[in-house]
Amino acid sequence: MTLRTAVLALAGLALTGLTGCSLWSPPQPWEKGELARPEMRLDQDPLASRFNQHTYFSREAASGGNGVGGGGCGCN
Amino acid sequence: MPAAHAEDAPEQGVVSFKWSGYREAQASSGTPEVHRPGANGTRQPLAAISAASGGGIGQGGEYERIKVSTPSLYALVPLGRAWSVEGGATLDAVSGASPAYYSDMGGAGQMSDRRKAVDLKATRYFEHQSLSLGLAHSTETDYRSNALSLEGRWSSDDHNTTWNLGLGLNRDQIDPTNGVIAQGRKTVRELQLGVTQALNPRDLLQVQLGYSLATGYLSDPYKLADTRPDRRTAETLQLRWNHALERGALRAGYRWYHDSFGIDAHTLDLAWAMPAWGAWSLTPALRYYSQGAASFYVDPPPGFFYPGPAVVQPYFSADQRLSAFGALTVGGTLGWAVAPGWSADATLQLYRQSSGWRVGGTGSPGIVPLTALTVQLGVSHSF
């Protein structure tokens, strides 16, 4: 089993375990209160994300996956 | 630019300021087996040369590498119900040294530079779609970057499913201070396709596929004998899952990366937004990263003579960032809801990169572990 398969399987297992059997139950408009909480946003802190992405880009080979057209730097 | 999320036109504007500080170090000189030509033509081990000259390289001790101090600003302004504009400005003050050859700090020269970056994005909102146009520009002494992006988002009627498509074009120019190349140009074209799905009242899932094509001068002129292909394609698959707990939330992310340099990388991100305690919140976070080496990365063999390349081949790099290693970040963010519409945050992160921490293969030999500390202090106002 490759690492990737293992991670996806683990994520799937954790997802099922933590949320119970009703994983797929797209919410009605009145059921979206929890999803609207600030800590549930997918892009939490734009400035923190940018700085972190920039430092990882200058120290690691992998980059991307987080949006397009962000501009480059001489740091890599 | 941030990835798409299943949200509509913002009702509130935001202005944020953040200062980030970064400092990295490594434990020793790096490659003690490397030999340099001595004064009378003989070859001496690197450690012996610098100990004799009273230089910084020797046995034990820490070598400071790069230090960065970055104030940054961000603002998001809704304009009526159909438009929003957001933008950012960043000033990176960078100083210190990076190794030019594996993790050997002997040949690293001191540098000091300021990078200024600005970006602007305008978004038009429709009932179930939105369209964004973005521009980014940055300059530093030896590097200039310009980027353009176009993103579209389409939501289902119930807004539980949102598709996003993004296109990006970067045009960079490098004029290294050591004159290795003049007006080196690099073009990057990016494509991103994804979907964000509200699975149930507590779970949000996002899947993103990315593709990029970089052409032009891709080598690092500050790394010794660095010669990389003039074309690099990269693919990414990213998964993000946010789960609302009774109080607080769990956030997890995984990214798979593969490129034509032969590098495979995995990134795992976990964060736990703990239940708030009054006006305070704490979010511990963990990130694990692992990468394989580029096909043209060559390990430093013992007894190798500096400064030539280890072997003669069409493409070569001694850049440790293309070697095989793993890295771990542990940290946390403390949040403080100061007053209605005002919040402050402080983040601390410790990062360590080591060839022994790779999974799915052996790490590259002869590279010294790297450690870095990041501190971020921010304040934000919504209006």
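Which residues lie nearest the centre of the second largest pocket? In this predicted model, that position is taken by Gly74(A), Cys75(A), Ile66(B), Ser98(B) and Met111(B), which belong to a lining of 40 residues. The space within the second largest pocket amounts to about 870 Å³. Both chains supply secondary-structure elements to its lining: helix H2 (46-59) of chain A contributes at least two residues, as does each of strand S4 (63-79), strand S5 (83-96) and strand S6 (111-125) of chain B. By residue class, the lining of this pocket comprises 14 nonpolar, 14 polar and twelve charged residues.

The two chains also share an interface, in which 95 residues of chain B and 53 residues of chain A take part. Between chain B and chain A an area of about 6,000 Å² is buried, and carbon and sulfur atoms account for 57% of this area.

Polar interactions across the interface were then examined. In total, 33 residue pairs are in polar contact between chain B and chain A, counting pairs with both residues at pLDDT 80 or more. On the side of chain B that touches chain A, strand S12 (residues 231-244) of chain B provides the largest share, with nine residues. This side of chain B consists of 38 nonpolar, 33 polar and 24 charged residues. Four salt bridges are found across the interface of chain B and chain A. One salt bridge pairs Glu24(B) with Arg59(A), with a separation of 2.6 Å between the closest N and O atoms.

Key:
Residues are numbered from 1 along each chain as its sequence is written. Chains are lettered from A and ligands numbered from 1 in the order in which they are written. This is a predicted model: local features need pLDDT of at least 70, side-chain atom pairs count only at pLDDT 80 or more; totals for chains, interfaces and linings use all residues. Side-chain values use heavy atoms; hydrogens and water are left out. On a 1 Å grid over the protein atoms alone, a cavity is a set of points where a 1.4 Å probe fits but cannot get out, and a pocket is an open set with protein on both sides within 12 Å along at least five of seven lines; lining residues have an atom within 4 Å of a point. Grid points are joined across faces, edges and corners, and a volume is the space filled by probe spheres set on the points. Helices (H or I, at least four residues) and strands (E, at least two) are DSSP runs, numbered from the N terminus. Ala, Val, Leu, Ile, Met, Phe, Trp, Tyr, Cys and Pro count as nonpolar, Asp, Glu, Lys and Arg as charged, and the others, Gly among them, as polar. Contact means heavy atoms within 4.5 Å. Buried area is the accessible area (1.4 Å probe) that two parts lose on being put together, summed over both. A salt bridge is a side-chain nitrogen of Lys or Arg within 4 Å of a carboxyl oxygen of Asp or Glu. A polar contact is a pair of N or O atoms within 3.5 Å; within protein, one must be able to donate a hydrogen and the other to accept it, and residues adjacent in sequence count only if both atoms are side-chain atoms.
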